Amino acid sequence: MSKLPFSFYQNTDVNDLAVQLLGKLLFTRVDGELTGGMIVETEAYNGVEDKASHAYGGRFTDRTKVMYEEGGLSYVYLCYGIHYLFNVVTASKGTPHAVLIRGIEPFEGIDVMLRRRNMVSLKPNITAGPGALSKALGINKSLNARDLLGDEIWIEDDGLIFGEDQIVASARVGVDYSEDHALLPWRYYVKGNKFVSKPNK
């Protein structure tokens with residue numbers, strides 16, 4: 001397996017990239033502990049044109065500035081003052097696209113994930129949902145703006161590709177504030193996978 005190349009993240013079609021990330025392998029190495037899983041749920045955020053995006057309308061703040069960098073960096077932010085959410089920055093410099101990783105199927109360092117999540121046995125909620133997977137993988141603000149070709153947080157490709165009939169496109173979660181954009185079918189997940197965060201067709 002190999003890390004996704006820099007060129008992968010330069011794709012200007014954020015929805016296409018969100019679909020391509022399904023089946024890829026997300027890893028972290030935090031405090032010397034390796035954890036990882038297969039990405040099974042994503043959401044696309046289409047930059048300045050997307051009312052649900054932090055960069056909508058060209059918003060540029062200390063929090064969002066990483067979104068304007070070249071694709072291939074992490075964007076980690078605190079949601080509701082509770083959960084850290086991990087996003088993949090995509091597209092070329094100046095185009096603030098991002099893909100939120102909402103669910104992974106864990107397979108590496110499960111004992112470490114159980115400890116971080118204060119769980120005694122493996123259940124789907126260990127990494128189903130963006131806050132849960134960040135906690136399981138040890139992702140917090142210290143991993144913001146990290147190079148995804150580095151050794152702290154990265155994504156690998158083992159050649160798995162899901163067919164169109166295996167992927168569901170639906171409305172994104174928790175973006176009611178974005179008015180008509182809340183209904184855009186920009187959430188993608190692997191049909192039937194139990195590590196998907198919301199009801200899975």
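Biologist: Is Asn-118 buried or exposed?

Modeller: Asn-118 has a relative accessibility of 67%, so it counts as exposed. The cut-offs, with a 1.4 Å probe and protein chains only, are under 20% relative accessible area for buried, over 50% for exposed, and partly exposed in between. Keep in mind that this is a predicted model, where local features need pLDDT of at least 70, side-chain atom pairs count only at pLDDT 80 or more, and totals for chains, interfaces and linings use all residues. Residues are numbered from 1 along each chain as its sequence is written, and side-chain values use heavy atoms, with hydrogens and water left out.

Biologist: Where is Asn-118, and what is its phi?

Modeller: Most residues other than glycine have a negative phi. Asn-118 is not a glycine, yet its phi is positive, about 55 degrees. You will find Asn-118 in the loop between H2 and H3. Helices (H or I, at least four residues) and strands (E, at least two) are DSSP runs, numbered from the N terminus. Ala-145 is another residue with a positive phi, about 65 degrees, although it is not a glycine. Ala-145 sits in the loop between H3 and strand S7 (153–157), and it is partly exposed, with a relative accessible area of 38%.

Biologist: How many residues of helix H3 are buried?

Modeller: Seven of the eight residues in H3 (130–137) are buried, among them Pro-130, Leu-133 and Leu-137. Their cover includes S2, strand S3 (33–46), strand S5 (83–90), strand S6 (97–108) and helix H2 (110–116). After H3 comes Gly-138, with a positive phi near 75 degrees.

Biologist: Which residues have the most contacts inside the largest nonpolar core?

Modeller: A nonpolar core is a set of buried Ala, Val, Leu, Ile, Met, Phe, Trp, Tyr and Cys residues joined through side-chain atoms within 4.5 Å. The largest one here has 44 residues, and those with the most contacts inside it are Leu-21, Leu-26, Ile-39, Phe-86, Val-88, Ile-101 and Ile-155. A second, separate core has 16 residues, including Val-66, Tyr-68, Tyr-77 and Leu-85. Contact means heavy atoms within 4.5 Å. Beyond its neighbours within four places in sequence, Leu-21 is in contact with residues including Leu-4, Phe-8, Ile-39 and Ile-155.

Biologist: Which side chain of opposite charge is nearest to Lys-24?

Modeller: For charge, Lys and Arg count as positive and Asp and Glu as negative, while His and the chain ends are not counted. A salt bridge needs a side-chain nitrogen of Lys or Arg within 4 Å of a carboxyl oxygen of Asp or Glu. Lys-24 is buried but has no salt bridge: Asp-157, the nearest side chain of opposite charge, is 4.4 Å away. A polar atom of the Lys-24 side chain does lie 2.8 Å from the backbone oxygen of Gln-20. Lys-24 is in the loop between helix H1 (14–20) and strand S2 (25–30).

Biologist: What is in the loop between S8 and S9?

Modeller: Asp-176 is one of the residues in the loop between strand S8 (167–170) and strand S9 (187–190), and at 68% relative accessibility it counts as exposed. The C-alpha atoms of Asp-176 and Ala-52 are separated by 8.4 Å, although the two residues are 124 apart along the chain. Asp-180 is also in this loop, and it is partly exposed, with a relative accessible area of 48%.

Biologist: How many helices and strands does the protein have?

Modeller: The protein has three helices and nine strands, and buried residues make up 54% of its 201 residues.

Conventions. Polar contact = N/O pair within 3.5 Å; in protein donor to acceptor, adjacent residues only side chain to side chain.
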